[in-house]
Amino acid sequence: MTGLTVERLGPAETRAVAERIAGAFHDLAATRWLVPDAAKREAVLADNFEILVDHAMRHGLVHATADRSGVAVWFPQSGDPAPPPADYDERLAAACGEWTERFQHLDTLFEAHHPHDDHHHLAFLAVAPQRQGRGVGTALLRHHHAALDAAGVPAYLEASSERSRDLYARHGYRVGEPFRLPDGSPFYPMWREPGTR
């Protein structure tokens with residue numbers, strides 16, 4: 001698909017973005033470990049992601065295609081990092097309930113593997129399941145990469161599946177040594193230098 005319009009979103013769309021991510025991530029190995037109960041998974045994920053999307057509305061960038069089939073959530077990371085989400089521990093417990101410790105474990109893993117150099121962190125790239133494989137994610141990546149390339153800023157992400165890892169590799173990301181959840185589900189840390197094709 002070509003010609004997809006990408007827009008920056010504001011706080012009024014926070015919940016809709018969180019729900020789009022939850023729907024797209026429902027069947028990933030990592031989210032199956034985070035919330036084993038499939039009947040509750042999407043709601044728990046949406047509540048969790050809402051905390052982070054809300055934070056990105058204040059301290060990052062949230063983009064979507066005009067039809068909202070795809071969303072991307074970016075956080076600029078520099079020597080002066082943004083403060084953590086307000087009341088994070090309480091909000092995480094309220095969102096995740098009996099699975100809070102699993103989300104805390106994931107947070108610890110992410111923090112341990114996060115690079116310290118200045119970059120933009122792609123926290124989420126999510127496309128509605130029925131639109132995946134049609135260029136929506138590519139349009140969102142190209143949109144922000146153009147700005148990063150113009151500014152000479154690298155990008156970082158953690159891919160949660162081989163399919164997403166391969167997508168990011170096609171956009172110039174180098175894959176590092178994977179790290180894993182307790183059940184073995186991998187995350188692939190990936191780094192992109194500006195101007196990389």
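Predicted model: local features only at pLDDT ≥ 70, side-chain atom pairs only at ≥ 80, totals over all residues.

Entry on the hairpin. I looked up the turn between S2 and S3, where four residues lie between the strands and Arg 68 takes a positive phi near 65°. S2 and S3 (residues 70-77) run antiparallel and are joined by four bridges, and in this pairing Leu 61 stands opposite Trp 74 of S3.

Entry on the other partner. I found that S1 (residues 6-8) is also antiparallel to S2, with three bridges joining them, and that Glu 7 has Ala 64 as its bridge partner in S2.

Entry on burial. I asked which way the side chains of S2 point, and found Leu 61, His 63 and Thr 65 pointing one way and Val 62 and Ala 64 the other, all of them buried. In a regular strand the side chains alternate between the two faces of the sheet. Because five of the five residues of S2 (residues 61-65) are buried, this strand is largely enclosed by the rest of the structure.

Entry on the cores. The largest nonpolar core has 38 residues, and among those touching the most other members are Val 17 and Val 73. H3 gives this core its largest share, eight residues. I then checked Val 17, which, leaving aside neighbours within four places in sequence, is in contact with Leu 9, Val 53, Val 62, Val 71 and Val 73. A second, separate core of 19 residues includes Leu 61 and Leu 125.

Definitions and conventions. Residues numbered from 1 in each chain as written. Heavy atoms only, no water. Buried < 20%, exposed > 50% of the residue type's maximum accessible area, 1.4 Å probe, protein only. Helix = DSSP H or I, 4+ residues; strand = E, 2+ residues; numbered from the N terminus. Pairing = 2+ DSSP bridges. Core = buried A, V, L, I, M, F, W, Y, C linked by side-chain atoms within 4.5 Å. Contact = heavy atoms within 4.5 Å.
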